[in-house]
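Colleague: I'm new to this one and would like to learn how to read it. Could you walk me through it?

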Amino acid sequence: IAIVGAGPAGIAALLPLLDAGRRVIWIDQSMRAGGQIWRAGLPMDWQRQLDSALRHPLLQTCFGCTVIAAEPREQAPGALHGLRLQTPAATGSQALRVAAPQLLLALGGRERHLPFPGWTLPGVTGAGALQALAKGGYPVAGKRVVIAGSGPLLLAAAATLRARGAQIVAIIEQTPRAALARFALCLLATPSKIIQALQLAQQLRGIPYWKNAYVRAAHGTTQLTSVLVQRGSTRQTLECDYLACAYGLLPNVELAQALGAST
């Protein structure tokens, strides 16, 4: 079986397949497993399992490889799924072809971006994108950051950026207070999530958190300098160096579509 994707879902798929004695080809465009979620490293228990799996004789990894073409499976018994990969060592038109009777896609997702005046200015990013850059060493210390949109990613991104020295000007949450309260009640069913929420609250203490608010426009000439925020019936301008937006995630379905899967 070929697995495309080495994030949390790909890892979770890999482990039981190896335990069941299946030969696996594992493909990911990154040079190591973890995906976007575990870019900075896996939790300790997962890392131990992964280290063991990577030494498994039935596993062949193709890390640093990008799928550049797909060959849909023919309607015949025993037919193979074929993928063409661009490898780190390949030059020009060279490509590696892999094929397997079964193919498992764990393709992850990407940030949803919604347009507003000024959204293409340098300095306007996705919240997850700026978080990933900061985890990778991009300098954000001393930078003024407004984080806007909706969902828990706002808080996680704010915590990461603050820990790396950024000044979080405000967290702009579009969801009304009543809807946030209903979401908080849902956390009662998962105590681990409550613990995470309390830890985030501690890390973000003192940062303005505006509910029922959204960015109307980003201002600047060649670089972002400020954002105009609609907060209830009032508007307020916040000076900043970065605007990190999070409007949820979209699944990466392009490869599935190329293989003829219905979505």
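This is a predicted model: local features need pLDDT of at least 70, side-chain atom pairs count only at pLDDT 80 or more; totals for chains, interfaces and linings use all residues.

Colleague: Is A40 buried or exposed?

Modeller: Buried means under 20% relative accessible area, exposed over 50%, and partly exposed in between, using a 1.4 Å probe and protein chains only. A40 has a relative accessible area of 56%, so it is exposed.

Colleague: Which residues does A40 touch?

Modeller: A contact means heavy atoms within 4.5 Å. Leaving out residues up to four places away in sequence, A40 touches R32 and K135. There's also G136, 96 residues apart from A40 along the chain, with 7.7 Å between their C-alpha atoms.

Colleague: How many helices and strands does the chain have?

Modeller: Seven helices and 17 strands. Buried residues make up 38% of the 263 residues, and the C-alpha trace spans about 65 × 45 × 35 Å along its principal axes. Of the contacts between residues at least 6 apart in sequence, 59% join residues at least 24 apart.

Colleague: Which residues of α1 are buried, and what covers them?

Modeller: G10, I11, A13, L14, L15, L17 and L18 are buried. Their cover includes β1 (2-4), β2 (24-28), α2 (44-54), β3 (59-63) and β7 (103-105). Just after α1, G21 takes a positive phi of about 85°.

Colleague: At what angle do α1 and α2 pack?

Modeller: Two packed helices are described by the angle between their axes and the distance between the axes. Axes are lines fitted to C-alpha atoms, for helices over the stretch in contact, and angles run from 0 to 180 degrees between N-to-C directions. α1 and α2 pack at about 50°, with axes 11 Å apart. That makes α1 oblique to α2; under 35 degrees counts as roughly parallel, over 145 as roughly antiparallel, 65 to 115 as roughly perpendicular, and the rest as oblique. The contact is made by I11, A12, L14, L15 and L18 of α1 with W46, Q49 and A53 of α2.

Colleague: And at what angle do α3 and α4 pack?

Modeller: About 25°, with the axes of α3 and α4 9 Å apart. That makes α3 roughly parallel to α4. Here A127, G128, L130, Q131, A134 and K135 in α3 meet L153, A156, A157, T160 and L161 in α4.

Colleague: Which residues of α3 are buried?

Modeller: In α3, residues 127-135, the buried ones are A127, G128, L130, Q131, A132 and A134. They pack against β8 (109-111), β9 (124-126), β10 (144-149), α4 (153-163) and β16 (242-246). After α3 comes G137, with a positive phi near 105°.

Terms used. Residues are numbered from 1 along each chain as its sequence is written. Side-chain values use heavy atoms; hydrogens and water are left out. Helices (H or I, at least four residues) and strands (E, at least two) are DSSP runs, numbered from the N terminus.
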